[in-house]
Amino acid sequence: MKRAFITGVEGQDGSYLAELLLAKNYEVHGIIRASTSGNTANLCHLKADPQVFRKTLFLYSADLEDADSIRTPLEQCAPDEIYHLASQSHVGQSFEKVEETCRITGLGTLRLLEMTRKLPKAPRFFHASSSEIFGSPETSPQDEITPIAPITPYGAAKAFGTQMTRIYRKNFGLFAVNGILFNHESPRRGENFVSRKICRAVAMIKAGRQAELVLGDTTAQRDWGHACDYVRGMWLALQHLVPEDYVFATGRVHRVQDIVELAFQAVDLEARKFVRQEQQFFRPTDPRQVVGNAAKAQQILGWRPEITFEETIAEMVRFELQALGV
Ligand code: NDP
Ligand code: GDR
């Protein structure tokens, strides 16, 4: 039985990855920070399962900002694979919390790499890197050799973690991999990310519990996939013979406005009657031309996204309606 250690296990990706690994007969160890501010519902079903919780799934309270809190469970677990997903992951918030973002997302990654290197038997290491490392790139689509040129504090922190992961691979011989992940969504997405914010608001408006949806830049474009496809990519990346970086993306680009229209259509409402824009949700800088080329992951790992943008938004709206009993 393989053992995996997941940071950020209670987040969107961490929870799907835990399910995937448990289904593959892994023993899964994950850390959750005591002062969790996010979605604590993602692991409820696993914690409630007596066949799983504390049998094959073990959870620890630990914080990336406190190296000692991580070292103990990491050493106890002695993992075969580490999936490093914990992060201050909100790009907009990174403009307000610049230093905190760099400490958690940048320095936190370095701390974990250093601890990993010192384990008696170094495990394989996956770092959740991001398309944000490319900023607003001059070439499209982006791939593994697109220059790193972040334009947001979050992007800069991820760029540091990405480069450190490469340095530990090259200089210390660690089996360390960057998955350069483009946006991916699901019903488990944090509520302040745009896809979830829209789908949740649409359900609330349909239920008569909310009057309007207030957004920032609805012309913004992203390459949006489904989280389940991306965690499968993470696992595949660590099974390959040699450690390499991979872009995970759909190669298709949509506007925020496309999510708005699909979500309102799903409940037979006219978007223009309920949506307005407000300055507070616009960002000082926002990447443009974000679209990934996942040809390398496809060729080497046999990875390709299976769930479409349209299916993802439909699933998210359905989930929100069900949660409200509509
Ligand atoms: P989430 O924000 O859902 O999950 C991140 C997790 O990290 C949360 O559970 C959070 O806990 C935890 N965390 C934050 N700070 C700390 C800390 N100091 N110590 C320990 N844990 C901490 O992100 P996703 O699941 O969406 O993304 C997973 C990873 O992939 C992240 O690193 C993200 O930056 C990256 N990524 C995600 C993409 C996406 O589209 N989803 C695309 C590109 C990269 P808490 O509840 O306490 O905040
Ligand atoms: P992003 O995702 O910044 O790409 O980071 P987010 O869903 O926050 O924004 C996507 C785009 O929508 C625009 N937007 C709004 N965004 C939010 N959150 N709220 C709004 O009201 C709103 N209105 C318009 C944004 O300006 C942006 O252009 C995600 C995160 O998961 C990161 O961790 C990850 O690294 C990147 O994706 C790739």
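Mentor: Ala149 is partly exposed, because its relative accessible area of 41% falls between the cut-offs: under 20% counts as buried and over 50% as exposed, with a 1.4 Å probe and protein chains only as cover. Before we go on, this is a predicted model, where local features need pLDDT of at least 70, side-chain atom pairs count only at pLDDT 80 or more, and totals for chains, interfaces and linings use all residues. Residues are numbered from 1 along each chain as its sequence is written, chains are lettered from A and ligands numbered from 1 in the order in which they are written, and side-chain values use heavy atoms, leaving out hydrogens and water.

Back to our spot. Ala149 sits in the loop between E5 and helix H6 (153–172); helices (H or I, at least four residues) and strands (E, at least two) are DSSP runs numbered from the N terminus. Setting aside residues up to four places away in sequence, Ala149 touches Ile133, Phe134 and Gly135, where contact means heavy atoms within 4.5 Å. Ala4 is 145 residues from Ala149 in sequence and 32 Å from it in space, C-alpha to C-alpha.

The loop between E5 and H6 also holds Pro141. A cis peptide bond joins Ser140 to Pro141, with omega at about -5 degrees.

Now follow the chain back to Ser130, which is in strand E5 (residues 124–130). Ser130 is buried, with a relative accessible area of 6%. Leaving out neighbours within four places in sequence, Ser130 has contacts with Tyr154, Lys158, Gly179, Ile180 and Leu181. A polar atom of the Ser130 side chain is 2.8 Å from the backbone nitrogen of Glu132. That pair is a polar contact: N or O atoms within 3.5 Å, where within protein one must be able to donate a hydrogen and the other to accept it, and residues adjacent in sequence count only if both atoms are side-chain atoms.

Ser130 also takes us to ligand 2. An N or O atom in the Ser130 side chain lies 2.6 Å from an oxygen atom of ligand 2.

Who else is around? There are 21 residues around ligand 2, and Ser89, Ser130, Tyr154, Arg283 and Asp286 come nearest; a residue is near if one of its heavy atoms lies within 4 Å. By type, the shell has eight nonpolar, seven polar and six charged residues. Here Ala, Val, Leu, Ile, Met, Phe, Trp, Tyr, Cys and Pro count as nonpolar, Asp, Glu, Lys and Arg as charged, and the others, Gly among them, as polar.

Last, step back. Domain 1 (3–184 + 225–248) and domain 2 (190–222 + 253–291 + 307–324) both give residues to the shell, so ligand 2 lies between them; the bounds come from an automatic or database domain assignment. The C-alpha centres of the two domains are 26 Å apart, and their contact takes 23 residues from domain 1 and 16 residues from domain 2.
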